[in-house]
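Today I open my notebook on charged side chains. I want to see which ones pair up.

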Amino acid sequence: MRNAEKIEKLLKKYFKAKQHPVTPDDKREEQTIDAAITAFNNSNNTARSNITPGLWRTIMQSKITKFAVAALIAFGVFLIMTIPDSSGVAWADVVKQIRSLRTMQCVSTVEVKGQGANDNLFDVDVQSNVYLKDPGLSRIEIMGTSTAVSDVVIRKQTENGNVRIVYKPNGPRTYHRQIINKKADGSEIDSAAVRMWGLIEKLTSDQTRKEHTEQIAGVDTVVFSASLEDVFPQCPYTGLTKVWVNSKTAVPLRVQSTFKDNAGVVRRLTLDNIQWDIPLPDDLFDAPDGWQAIEHETHKETIPLKGKQLRKDVKITFSSEDGRTILTEADIKSLTAANLVVAPDRRDIRLTVVLKKDARQRVKTYTTEHVGEKILIEFDGRYKYEPMIMSSIDSPVMMIMLPSTDMTLTEFEEKYLH
């Protein structure tokens with residue numbers, strides 16, 4: 001078979017195999033093939049005139065060289081004609097699909113890999129089945145070591161309040177039902193399914209990069225990636241998030257975030273086996289029939305504090321376990337909000353503050369070096385509590401808690417703010 005015939009056959013096979021967003025018509029296809037053949041023949045003649053016969057014969061007798069030349073010419077022709085990439089999926093298409101989501105089911109897996117372990121040697125930490133349905137329904141089934149469901153957590157947003165249901169399928173036939181924030185303002189119920197994808201959905205095309213293609217369960221997918229910093233702006237670690245999307249519909253089929261913490265432990269979160277807009281019955285988001293409910297009620301109130309400042313005589317300190325002062329009230333740049341939380345077992349006020357730049361760096365340095373230790377927080381010499389440092393903190397915002405208080409938010413504002 002002549003070289004020109006081989007190229008023509010290769011190009012026709014290419015057009016049949018690839019599904020472009022705009023399928024070329026017969027005339028366009030013929031023009032492309034003719035251009036490639038003409039380019040090959042012209043290059044053939046030019047090359048023969050500039051290369052000694054012996055050398056040209058040696059080159060063209062190589063099957064690899066013939067294929068490379070043909071592929072290179074064809075690729076150049078396609079570049080000139082500006083045919084888009086074969087997947088045709090842009091990040092904007094993925095965002096559009098996410099915003100149309102109404103139900104979803106997937107498997108969530110958290111894995112860890114110790115420092116120095118083999119790159120692929122991850123241990124499963126927590127695995128869960130996740131079910132989401134709008135408006136405002138979610139169910140998480142946490143798997144035990146035997147792959148059986150050990151705990152079920154259900155969240156329901158209703159007109160009467162946000163309800164949280166927790167029970168153990170193999171435990172006592174009781175479940176905890178907690179009502180949070182009774183609604184009295186008729187505010188709109190959140191879109192739970194879309195909210196789960198909120199961080200991904202906010203990514204822009206400039207923040208994502210289209211990578212390779214890959215098959216998942218026989219489905220052709222395109223892989224997009226983004227830095228963990230772009231996905232989770234407040235995360236103190238560096239890492240990468242990848243999203244596998246259906247190459248035809250742009251629907252995400254898998255999401256994976258990987259990062260390394262300050263102790264050198266690599267963690268990986270994967271949402272896999274994702275199924276979109278499938279029928280999910282409403283009773284999936286209820287406790288089992290006939291089980292006894294243990295009622296709890298938590299009430300939350302919030303007041304914005306923009307423009308407010310602490311009174312000059314109010315003292316705040318953040319101290320280490322050995323008594324070293326890390327932060328004081330002088331390190332607070334501004335106040336944002338105060339929250340009152342009333343639950344059966346506690347009643348506290350939480351003050352959200354913004355730190356000054358140098359204070360933020362101080363907190364980041366200290367918490368990075370003292371993960372697992374406690375920090376003592378004192379407010380006005382009266383309110384004290386000792387939270388544990390779970391990870392490095394690199395955020396301009398911090399929360400100060402006033403535990404076991406009987407004040408209302410109005411009383412708190414009058415006493416401590418101006």
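How many salt bridges does the count come to? I get 19 salt bridges. I note that this is a predicted model. Opposite charges on side chains can pair when the charged atoms come close.

**Entry: Lys-156 and Asp-286**

I looked up this pair and found a salt bridge, 2.6 Å from N to O. Where do the two partners lie? Lys-156 sits in strand E4, residues 149–158. Asp-286 is in the loop between strand E11 (266–276) and strand E12 (292–304). The pair therefore ties together parts that are 130 residues apart in sequence.

Next I checked accessibility. Is Lys-156 buried or exposed? I read a relative accessible area of 19% for Lys-156, so it is buried, as the cut-off is under 20%. Asp-286 reaches 31%, so I list Asp-286 as partly exposed.

**Entry: Asp-322 and Arg-324**

I found a salt bridge here too, with the closest N and O atoms 3.4 Å apart. Asp-322 has a relative accessible area of 59%, so I wrote it down as exposed. Arg-324 has 46%, and I wrote down partly exposed.

**Entry: Arg-346 and Asp-348**

I noted 3.1 Å between the closest N and O atoms of this salt bridge. Asp-348 has a relative accessibility of 3%, so it counts as buried.

**Entry: a network**

Last, I looked for linked bridges. Which residues are linked in a network of salt bridges? I found Arg-209, Glu-211 and Lys-242 linked in one.

How values were computed:
Residues numbered from 1 in each chain as written. Predicted model: local features only at pLDDT ≥ 70, side-chain atom pairs only at ≥ 80, totals over all residues. Heavy atoms only, no water. Salt bridge = Lys/Arg side-chain N within 4 Å of Asp/Glu carboxyl O. Helix = DSSP H or I, 4+ residues; strand = E, 2+ residues; numbered from the N terminus. Buried < 20%, exposed > 50% of the residue type's maximum accessible area, 1.4 Å probe, protein only.
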